[in-house]
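Me: I would like to learn how to read cores and surface patches in a model. Can you take me through a case?

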Amino acid sequence: MAENSRPLRVLQVLEPSGGGSGRHFIDLCRGLIERGHQVVAVYSPSRAEARFVEELQSLRLDGLHAIAMKRAPHPSDLAALAALRRVIRSAGPFDVIHGHSSKAGFLVRLRLPGLTHVPRLYTPHAFRTMDPTLGTAGKLIFGGVEAMLGRLFSDKVICVSPEEQDHAARTLRIPAPLLTTIVNGVHTPGSGQRDILRVRLGFRPEDFVFGFVGRLSAQKAPERLVGAFARIGSEFPAARLLMIGFGELEPEVRLLADRLDVSARMVLTSEIPGPLAMQAMDAFVMPSRYEAMSYAMLEAAAAAKPMILTEVGGATTVLDEGVNGRLVANEDDTSALSAAMLEFHDPQRAAIYRAGAQRRASLYSLDTMVDQTIATYRNVMLR
């Protein structure tokens, strides 16, 4: 069988085990398996979402291993590295090893003594150094580690947006031949459940529902959205807010909603999958502080939802300013965000954004993402 067509044996490693990176991980594993490749997966149970684990277990994987990994640097990294080495030895040999997120990317790219070199690829799903709130010390530490591993220990760094690749090249100084961009792809979204979902969530047919999907974390800045939503209440009485997700900021978000007196006009839940919940939304809002290429953005674009996004990585991939929504400044002052939300109170303006979103809905193919990733694997194997 020709080298460029034989089935591959791939080790996929992920630390966050949920959210957008988890969605990418499962979609990629499934796509590889459907194309006849063998996949062994490693995930961390430390931050694993139950839905992620169930879906991963349902795949026809050639092996599944749980290795505890912590997000931040920790002495337990040595135990995780040793466990990963055992998997590589016992479940290999592999054609490529692909790490997702900073911790998994760190562990898989360390050259392990006694093992034949296998091409190592890394998908950051947003470099830590893209976080505008990261202090000087953090930028030096995380930037230094990412730069060293990117330049010296990576066969390829796969970015998920042009903005992320630009950051890797300009800020981290990773050489261009080691970088590539493969934009995440998504499944064709479902339809037909808008009314059922609205009844379930307590929204009326005439309500205008702004939606958010994402982890309730500092990165996603959910408090910005709650604050902006509170500002438009008197001028946009039909506005409602649907937030899908959970995370460490959930108690603070609920307290803020109570304090701003908007709890009665919003729903915060993690009981409905994001892609399904989008059917109940009229517009999607993502006020993040930093992103590489948010899956929620892609899913909203594929679902033909007008969007309001902050100026972060991937935003211009899915949003054409003034055509299918608004791009606003990435700042904690919610004035611009609330002003953009108020634009949807104008039926004519909202119709323009809806039409623009419909025209762009077919641009985000999951098959394209999987095929481009396989091509990247084969290219690094030829070196």
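Predicted model: local features only at pLDDT ≥ 70, side-chain atom pairs only at ≥ 80, totals over all residues.

Me: Which residues touch the most other members in the largest nonpolar core?

Reply: The general idea first: a nonpolar core is a set of buried nonpolar residues joined through side-chain atoms within 4.5 Å. Here the largest one has 101 residues. Phe-210, Met-243, Phe-284 and Val-318 touch the most other members.

Me: Which helix gives the most to this core?

Reply: Helix H11, residues 295-302, with seven residues.

Me: What does Met-243 touch?

Reply: Leave out residues up to four places away in sequence. Its contacts then include Phe-212, Leu-216, Pro-222 and Leu-225. Val-253, Met-266 and Leu-268 are also among them.

Me: How many residues are in the second core?

Reply: The second core is separate and has 19 residues. Val-42, Ile-67, Phe-94 and Leu-107 are among them.

Me: Now the surface. Which residues make the nonpolar patch?

Reply: Patch residues have over 30% relative accessible area and no salt bridge. In this model, Leu-140, Ile-141, Phe-142 and Val-145 make a nonpolar patch of about 370 Å². Phe-142 lies in helix H5, residues 136-152.

Me: Where is Ser-5 found?

Reply: Ser-5 sits in the segment before strand S1 (9-14). Ser-5 is partly exposed, with a relative accessible area of 43%.

Me: How far apart are Ser-5 and Ser-288?

Reply: Read sequence and space separately. Ser-5 and Ser-288 are 283 residues apart in sequence. In space they are 40 Å apart, C-alpha to C-alpha.

Note on methods: Residues numbered from 1 in each chain as written. Heavy atoms only, no water. Patch = residues over 30% accessible without salt bridge, like charges linked within 9 Å, V, L, I, M, F, W, Y side chains within 5 Å. Areas by Shrake-Rupley, 256 points an atom, 1.4 Å probe, with all protein chains shown as cover. Salt bridge = Lys/Arg side-chain N within 4 Å of Asp/Glu carboxyl O. Helix = DSSP H or I, 4+ residues; strand = E, 2+ residues; numbered from the N terminus. Buried < 20%, exposed > 50% of the residue type's maximum accessible area, 1.4 Å probe, protein only. Contact = heavy atoms within 4.5 Å.
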